[in-house]
Amino acid sequence: MKITQANFVQSNSEYQKCPVPDKPEYAFIGRSNVGKSSLINSIVQRKDLAKTSQTPGKTQLINHFLINQTWYLVDLPGYGYAKVSKTEREKFGTMIHDYLTNRENLLCTFVLVDIRHEPQKVDMEFMASIANSGIPFYIVFTKADKLSKTQVENHVEVYKTKMLETWEEMPQYFVTSSVKGSGREEILAAIDELNLG
Ligand code: GDP
């Protein structure tokens, strides 16, 4: 898919106020600092559509972007940021959960994890909770350029092994680097396929 248009639409704290759900929608989520904004910018080939920040946990709203006038890309707040108070974290948790479980045009969620890290409890729990709610998701490994090809393969294997302790199969996944632009074509192809339905 060629990206011809990418426009910010609006930010919301409630799913009820999000744009009319008349187009397919894909949400991106992960722990703060996982590289979500960078990946979104890489996917749509814009430098600063999603706001990258050195301050983790900054994006605390549901951000809608309209791509090629045909589908919505949604930037969700990063979870698991320790410096945000427990009350704040719970508030975002509820907002994200309400959005994910009620947004009727949401076709798939991309859950980002840093390829360098061991499988994290907070990510495992998040994936289990959305799966329990029947929300389809893909795993997106980020920052692959920080490892060698062999290390990438090894880390993915470790992840798979961990997932298979509780899951019947490894969910579909993508290995990406926003620095190199790798993985974006594959993600766009998956979105294309879902758009065609
Ligand atoms: P967010 O908080 O999840 O939106 O993360 P950002 O996109 O702001 O990225 C967090 C940090 O990781 C920034 O310093 C980015 O420059 C860096 N980063 C993000 N993606 C990549 C990547 O693919 N490769 C490398 N080497 N660094 C990345």
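Start by selecting F28 and its surroundings. Leaving aside neighbours within four places in sequence, F28 is in contact with K36, L39, I40, V74, D75, L76, F110 and L112; contact here means that two C-beta atoms, placed from the backbone, lie within 7 Å. Residues are numbered from 1 along each chain as its sequence is written. What you have open is a predicted model, where local features need pLDDT of at least 70, side-chain atom pairs count only at pLDDT 80 or more, and totals for chains, interfaces and linings use all residues.

Before going on, colour by pLDDT, the predictor's confidence in each residue from 0 to 100. The protein chain averages 91, and 94% of the residues score at least 70. For the complex, the predictor gives an ipTM of 0.99 and a pTM of 0.95. Where pLDDT is low, the predicted coordinates should not be read in detail.

**The core**

Now select A27, F28, V74, V111, L112, V140 and F141, the residues with the most contacts inside the largest nonpolar core, which has 40 residues. Such a core is a set of buried Ala, Val, Leu, Ile, Met, Phe, Trp, Tyr and Cys residues joined through C-beta atoms within 7 Å. Strand 5 gives the most to this core, with five residues. Buried means 20 or more other C-beta atoms within 10 Å of a residue's own, exposed means 12 or fewer, and partly exposed is in between.

**Helix 1**

Next, pick residues 36-44, which make up helix 1. Helices (H or I, at least four residues) and strands (E, at least two) are DSSP runs, numbered from the N terminus. Which residues of helix 1 are buried? They are K36, S37, L39, I40, S42 and I43. These buried residues pack against strand 2 (25-30), strand 4 (71-75), strand 5 (106-114), strand 6 (137-142) and helix 5 (184-196). Step past the helix to Q45, where phi is positive, near 55°.

**Strand 4 and its partners**

Move to strand 4, where four of the five residues are buried. Strands count as paired if DSSP finds at least two bridges between them. Strand 2 runs parallel to strand 4, joined by four bridges, and E25 stands opposite Y72. Strand 3 (residues 62-67) pairs with strand 4 in the antiparallel sense over five bridges; here L66 has Y72 as its bridge partner. Three residues separate strands 3 and 4 in a hairpin, and N68 in the turn has a positive phi of about 50°.

**Last stop: S129**

Finally, select S129 in helix 3 (residues 121-132). Why does S129 count as partly exposed? Because it has 15 C-beta neighbours inside 10 Å.
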